[in-house]
Amino acid sequence: MKFLAGAGPRLDSERRIPHWARMARSSIPRSVWILGVVSLLMDVSSEMIQTLLPIYLVVGLGASAVMIGLVEGFSVVVATAVKFLSGFWSDRIARPKWLAVAGYGLAALSKPIFPLAASVEGVLLAKGVDRIGKGVRTAPRDALVAAVTPPDIRGRAFGLRKSLDTVGGFVGPLLAIGLMVVLANDIKAVFWLASIPAFLAVALLVGGVSDPPRPDEAAKKPPSLEGALRLDAATWTMIALTAVIGLARFSESFLLMKGLDVGVPAAFAPAAIVLLHLVFGLAAFPVGALSDRIGRTSLLLLSLVFLAAADVALALASDQVVFYLGVALWGLHMGFSQGLLMTLIADAAPAHLRGSAFGLFALISGLIALLGNVAAGLLWDGFGPQATFAVGAVLSLVCALGIAGWMRLQAAHSRSSASE
């Protein structure tokens, strides 16, 4: 099946092309770079808020672990409620850029709501607006990346966008730490300043990216909603396999709470997210490039091994050294999985239905993540952090074994078909 294939060996005629010419022909498109920087700026803004939000909820508003899990789960539900429709509509109108602009714009408008929130309900409103924006932009943005990138460098392209995104993931927490020190732990002031990079991201997207040409299939007849759901078996299988992984990985808010549990000072709690995104960002691009050469799924399996190891370290951690080891392993899991998941969907989906495929993936994985976040909060309050991370480790290994077993069945089926 095509989503299991890597880049494969080059043809003899391809080998005769000079290396510099192949690299020039296969350079990552400008639009991918710009989308990556847009993601970077928005992630700086989001992480400045997100890394301090659990502390604000617990210390400032007196929220429990279950409430934090519900807040995170609520944000996922809101996002997933619109992701599929946004992806479908981007396929139908073949104008993914402007849907992405609308989504990033809503996310930017949500940022000033956070410092105005004086209750959990206010935070829920801000998260809701932010997540609606994320839901609107995600599938069209990923469809844009897939549309402008040749298949032989698609892993590199998605890996690059993820790497740039994660630069924002550790710059944002670093800014939050620095501003907390400078502003005498004034969380609301940090929330206000987080609005600036968000609005810069929207301006860059509007001025720097154009919609790709409309795919031939879509030019003949825009897809209907029923048609968008009739994806082929390869696409549906890949969507299901990648979405289930979300059950084993819960919100990063629980990492922050574990940091407080092992004695990390509240002002320096975002350091864990800095480390996570630093490892994530360093891994994502080379892993994506490697997947273009050797295939995707073996690297995805390795990511689940890293996640299980991270959960074990976090379950056993009683000091900051082991805690940060677990966070680094969690970052490796993200670097080995997040870009690959998008690449696998792009490889499997028909060109004129990529937005719908990305939206369906986001919808299914988001609903699974809701269950995982709420369950993690219940485990935390009922049995402590050790139980939460121990269950995560077991689920990670179950997912890995399930995917490995499915791969063996596919390989056996391919050998059987070839021998007939």
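In helix α15, F254, M257 and K258 meet N373, A376, G377 and W380 of helix α19, contact being taken as heavy atoms within 4.5 Å. By class, this contact comprises four nonpolar, two polar and one charged residues, with Gly counted among the polar residues and Asp, Glu, Lys and Arg as charged. The model is predicted, so that local features need pLDDT of at least 70 and side-chain atom pairs count only at pLDDT 80 or more, whereas totals for chains, interfaces and linings use all residues. Residues are numbered from 1 along each chain as its sequence is written, and side-chain values use heavy atoms, with hydrogens and water left out.

The axes of α15 (residues 253–261) and α19 (residues 354–383) come within 11 Å and cross at roughly 20 degrees, and the two helices are therefore roughly parallel to each other (angles under 35 degrees). Their crossing is left-handed.

For α6 (residues 96–110) and α8 (residues 120–148), the axes come within 7 Å and cross at roughly 155 degrees; α6 and α8 are therefore roughly antiparallel (angles over 145 degrees). The crossing of α6 with α8 is left-handed. Residues of α6 including L99, Y104 and L106 meet residues of α8, among them V129, I132 and L144, and the contact divides into 13 nonpolar, three polar and five charged residues.

The protein has 20 helices and zero strands, assigned as DSSP runs (H or I, at least four residues, for helices; E, at least two, for strands). Buried residues make up 58% of the 420 residues, buried meaning under 20% relative accessible area with a 1.4 Å probe.

Methods: Axes fitted to C-alpha atoms, helices over the stretch in contact; angles between N-to-C directions. Parallel < 35°, antiparallel > 145°, perpendicular 65-115°, else oblique. Left-handed = near helix turned anticlockwise from the far one by under 90°. Buried < 20%, exposed > 50% of the residue type's maximum accessible area, 1.4 Å probe, protein only.
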